[in-house]
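Welcome! Here is a short briefing to read alongside the sequence and the structure. Take a look at both, and then follow the topics below.

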Amino acid sequence: MNGPGSAAAGALELLAGRGQSLAVAESLTGGLVAGALTAVPGASRVLRGSITAYATDLKQELLGVDGALLAARGAVDGEVARQMAGGVRRVLGADWGIATTGVAGPDPQDGHPVGTVFVAVRGPEGAGAVRRLALAGDRDRIREDTIRAVLALLLSELAENKRAQDTEQHGGNGCLQP
């Protein structure tokens, strides 16, 4: 899956097959992740909605990110991304939440250079992951690469979650049944 469109379609197909839903929290991508998802026909079967919390205070007010964490570390932080993903999942009533936060440029932010990005996924039963990215390029390129990265992380977590469920359902021997 090369572009955001194919990754979005793949993630939505997996979620639809499981009867699960998705919510999106975005900062530096400003709604572009939700745009990539809603560009896929049938996205409404899975996508609950999105929150673009561009301003730091909105991350706390709308998504429940810890205010002390934001004050201490700023918005460009892995734990902030994790809390954003968990918060949007909770607020929008979804099985899975994904989030983006970082610096697209043109200037550094909170002591972080342009291209510093965190993406996160939170799912049911504690599933989830956070990735730190060091992206290069102009603002548009950084935002596009962030979309790809968060969708790739979602696909990876969905695959991992599926393997864990299969192992649990088939006696814990790690063998997947056809």
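Let's begin in the sheet, where strand 3 and strand 4 (residues 116-122) run antiparallel to each other and are joined by six bridges. Please keep in mind as you read that this is a predicted model.

- Within the pair, I98 has V121 of strand 4 standing opposite.
- The whole sheet is an open one made of five strands, which follow the order 2-1-3-4-5 with mixed pairing.
- Which strands sit at the edges? They are strand 2 (47-52) and strand 5 (128-134), each of which pairs on one side only.
- From one strand to the next, the twist averages 10 degrees.
- Helix 5 (residues 78-91) packs on this sheet and touches strand 1 (22-26), strand 2, strand 3, strand 4 and strand 5.
- The direction of helix 5 makes about 145 degrees with that of strand 3.

**The loop between strand 3 and strand 4**

- P106 is found in this loop, between strand 3 and strand 4.
- The peptide bond leading from G105 to P106 is cis, and its omega is near 15 degrees.
- D110 also belongs to the loop between strand 3 and strand 4.
- Although D110 is not a glycine, its phi is positive, at about 50 degrees.
- Is D110 buried, partly exposed or exposed? With a relative accessible area of 46%, D110 is partly exposed.

**The loop between strand 4 and strand 5**

- Here you will find E125, in the loop between strand 4 and strand 5.
- E125 is not a glycine either, yet it has a positive phi of about 55 degrees.
- The relative accessibility of E125 is 82%, so this residue counts as exposed, the cut-off being over 50%.

**The largest pocket**

- How much space lies in the largest pocket? The value is about 180 Å³.
- Its lining consists of 15 residues, and those nearest the centre of the pocket are S27, L28, Y54, G102 and Q109.
- Helix 3 (56-63) and strand 3 (96-102) each contribute at least two residues to the lining of this pocket.
- Sorted by class, the lining holds six nonpolar, six polar and three charged residues.

Conventions: Residues are numbered from 1 along each chain as its sequence is written. This is a predicted model: local features need pLDDT of at least 70, side-chain atom pairs count only at pLDDT 80 or more; totals for chains, interfaces and linings use all residues. Side-chain values use heavy atoms; hydrogens and water are left out. On a 1 Å grid over the protein atoms alone, a cavity is a set of points where a 1.4 Å probe fits but cannot get out, and a pocket is an open set with protein on both sides within 12 Å along at least five of seven lines; lining residues have an atom within 4 Å of a point. Grid points are joined across faces, edges and corners, and a volume is the space filled by probe spheres set on the points. Helices (H or I, at least four residues) and strands (E, at least two) are DSSP runs, numbered from the N terminus. Ala, Val, Leu, Ile, Met, Phe, Trp, Tyr, Cys and Pro count as nonpolar, Asp, Glu, Lys and Arg as charged, and the others, Gly among them, as polar. Two strands pair if DSSP finds at least two bridges between them. Axes are lines fitted to C-alpha atoms, for helices over the stretch in contact, and angles run from 0 to 180 degrees between N-to-C directions. Contact means heavy atoms within 4.5 Å. Buried means under 20% relative accessible area, exposed over 50%, partly exposed in between (1.4 Å probe, protein chains only).
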